[in-house]
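Open the model in a viewer and keep the selection tool at hand.

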Amino acid sequence: MKLRAATPDDFPFIRSLAQRPDYAPFITDEDEVALAAYLADPKARLLIAGDDAGPMGSALFCEIGDPSGRVELRRLALARAGRGEGAAFVRMLVDYAFAEFQAGKLWLDASGENLRAQKVYERAGFTLEGRLRDHWFRPVLGRNVDVMLYGMLRSEWAALTLAAPAPRA
Ligand SMILES: CC(C)(COP(=O)(O)OP(=O)(O)OC[C@H]1O[C@@H](n2cnc3c(N)ncnc32)[C@H](O)[C@@H]1OP(=O)(O)O)[C@@H](O)C(=O)NCCC(=O)NCCS
């Protein structure tokens with residue numbers, strides 16, 4: 001699995017993930033205009049993970065270049081979830097953020113009901129930094145969910161990289 005920049009040709013794939021009924025409680029579908037805005041925004045990077053067979057997943061980085069040094073990871077999703085590919089996918093995204101953007105901190109949020117993603121983030125070395133209760137309205141559920149805030153500092157990534165270098169692509 002490798003990462004590459006998304007193009008407009010990838011929008012149907014990206015939207016197909018967000019529109020899946022089993023994913024819709026956890027990620028938001030955005031239309032082609034919104035996705036194109038990310039491609040034009042120097043503070044954002046929309047990525048596709050895949051191999052020679054085609055796209056396998058997507059993710060979005062935001063807040064690149066923020067004076068705080070923090071970068072946000074958003075709307076990550078794999079087409080084949082629950083098959084043990086999450087650890088490698090998230091590790092690749094974490095390495096990308098710290099290497100490519102020189103991030104001082106990487107952060108993300110997750111629905112309090114997304115126990116699968118929470119497990120993958122914690123295993124990847126993220127720290128749970130907070131829980132915003134009853135915070136995020138999910139149209140497909142018709143109600144709010146809690147939001148879990150996760151973060152990883154650059155020093156934590158460096159320690160992680162020393163302890164377990166990323167596997168060769
Ligand atoms: C989040 C995502 C990328 C993780 O990748 P993945 O391939 O599904 O993750 P993996 O299969 O590698 O690992 C999932 C882990 O969660 C565990 N898990 C699955 N469902 C669970 C549940 N309901 N409660 C607790 N743990 C759960 C699995 O057992 C596994 O742990 P294990 O390796 O110890 O067995 C993927 O699930 C996905 O794309 N989900 C849909 C979109 C989404 O939720 N994105 C995140 C937005 S914050």
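**Stop 1: Phe-61**

Select Phe-61 and, leaving aside neighbours within four places in sequence, display its contacts: Lys-43, Ala-44, Arg-45, Leu-47, Val-71, Glu-72, Leu-73, Leu-93, Tyr-96, Ala-97, Phe-101 and Leu-106. Contact means heavy atoms within 4.5 Å. This is a predicted model, in which local features need pLDDT of at least 70 and side-chain atom pairs pLDDT 80 or more, while totals for chains, interfaces and linings use all residues. Residues are numbered from 1 along each chain as its sequence is written, and side-chain values use heavy atoms, without hydrogens and water.

**Stop 2: ring pairs**

The whole structure holds 6 aromatic pairs (Phe, Tyr or Trp rings, the six-membered one for Trp, with centres within 6.5 Å; stacked if the planes are under 30 degrees apart). Phe-61 and Tyr-96 are stacked, because their ring centres are 5.8 Å apart and their planes at 10 degrees.

Phe-98 is buried at 0% relative accessible area, and Trp-157 counts as buried at 14%.

**Stop 3: charges over rings**

Go to Tyr-23, where the charged end of Arg-20 sits over the ring, 3.8 Å from its centre (CZ of Arg or NZ of Lys within 6 Å of the centre and within 35 degrees of the ring normal). Finish at Trp-136: Arg-138 lies over its face, 3.9 Å from the ring centre.

Key:
Rings of Phe, Tyr and Trp (its six-membered ring) pair if their centres lie within 6.5 Å; planes under 30 degrees apart count as stacked, over 60 as edge-to-face and the rest as tilted. Buried means under 20% relative accessible area, exposed over 50%, partly exposed in between (1.4 Å probe, protein chains only).
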